[in-house]
Amino acid sequence: MGETKTKVGMRYPSIDQLASKTSSKYKLVIAVAKRAREIEENNKVYLEQTSNKKAIGIALEEIQADKILIKD
């Protein structure tokens, strides 16, 4: 038999996992969107390795790793 692939939810890390990074999910979503745009524009990533290939996922990972801080 072949390999069994497990599907990891919709997005890793999820917004719910990152809720502790700021007092507002709205601020979190705005910060992720802005950072994803920056990644797309200049291809500069603050992590050596990422689980995601798309800018939005990389932005989420950077926030989880405290490479991007969200001001409250």
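1. Let me start with Glu61. Leaving aside residues up to four places away in sequence, Glu61 touches Tyr12, Pro13, Leu47, Gln49, Thr50, Ser51 and Asn52. Glu61 sits in helix α2, and its relative accessibility is 8%, so it counts as buried, the cut-off being under 20%. That is a charged residue by class, so have a look at its surroundings when you open the file.

2. A word on what we're looking at: this is a predicted model. The average pLDDT of the chain is 86, and 85% of the residues score at least 70. The part to treat separately is residues 1–7, where pLDDT stays under 50. For that stretch the model has zero contacts beyond four places in sequence.

3. Overall make-up next. The chain has two helices and zero strands. It runs to 72 residues, of which 29% count as buried. Take the contacts with a separation of 6 or more: 50% of them come from residues 24 or more positions apart.

4. How much of α2 is buried? Helix α2 covers residues 55–64, and eight of its 10 residues are buried, so it is largely enclosed by the rest of the structure. The buried ones are Ala55, Gly57, Ile58, Ala59, Leu60, Glu61, Glu62 and Ile63. What they pack against is α1, residues 25–42.

5. Now the helix pair itself. In general, two packed helices are described by the angle between their axes and the distance between the axes. Here α1 and α2 pack at about 120°, with the axes 8 Å apart. The two helices are therefore oblique to each other, and their crossing is right-handed. On the α1 side, the contact is made by Leu28, Ala31, Val32, Arg35, Ala36, Ile39 and Glu40. On the α2 side, Ala55, Ile56, Ile58, Ala59, Leu60, Glu62 and Ile63 make it. Sorted by class, this contact has 11 nonpolar, no polar and three charged residues. As background for reading such a list, an α-helix has 3.6 residues a turn, so residues three or four places apart point the same way.

6. Leu60 and Leu18 are 42 residues apart along the chain, yet their C-alpha atoms are separated by 8.1 Å.

7. On to the loop between α1 and α2, where Lys54 is located. Lys54 has 57% relative accessibility and so counts as exposed.

8. Which backbone angles would I check? Asn43 has a positive phi of about 55° although it is not a glycine, and Asp66 has one of about 60°, again without being a glycine. For context, most residues other than glycine have a negative phi. Asn43 lies in the loop between α1 and α2 and counts as exposed, at 63% relative accessibility. Asp66 comes just after α2, in the segment that follows that helix. With a relative accessible area of 47%, Asp66 is partly exposed.

How values were computed:
Residues are numbered from 1 along each chain as its sequence is written. This is a predicted model: local features need pLDDT of at least 70, side-chain atom pairs count only at pLDDT 80 or more; totals for chains, interfaces and linings use all residues. Side-chain values use heavy atoms; hydrogens and water are left out. Buried means under 20% relative accessible area, exposed over 50%, partly exposed in between (1.4 Å probe, protein chains only). Helices (H or I, at least four residues) and strands (E, at least two) are DSSP runs, numbered from the N terminus. Contact means heavy atoms within 4.5 Å. pLDDT is the predictor's confidence in each residue, from 0 to 100. Axes are lines fitted to C-alpha atoms, for helices over the stretch in contact, and angles run from 0 to 180 degrees between N-to-C directions. Angles under 35 degrees count as roughly parallel, over 145 as roughly antiparallel, 65 to 115 as roughly perpendicular and the rest as oblique. A crossing is left-handed if the near helix is turned anticlockwise from the far one by less than a right angle, and right-handed if clockwise.
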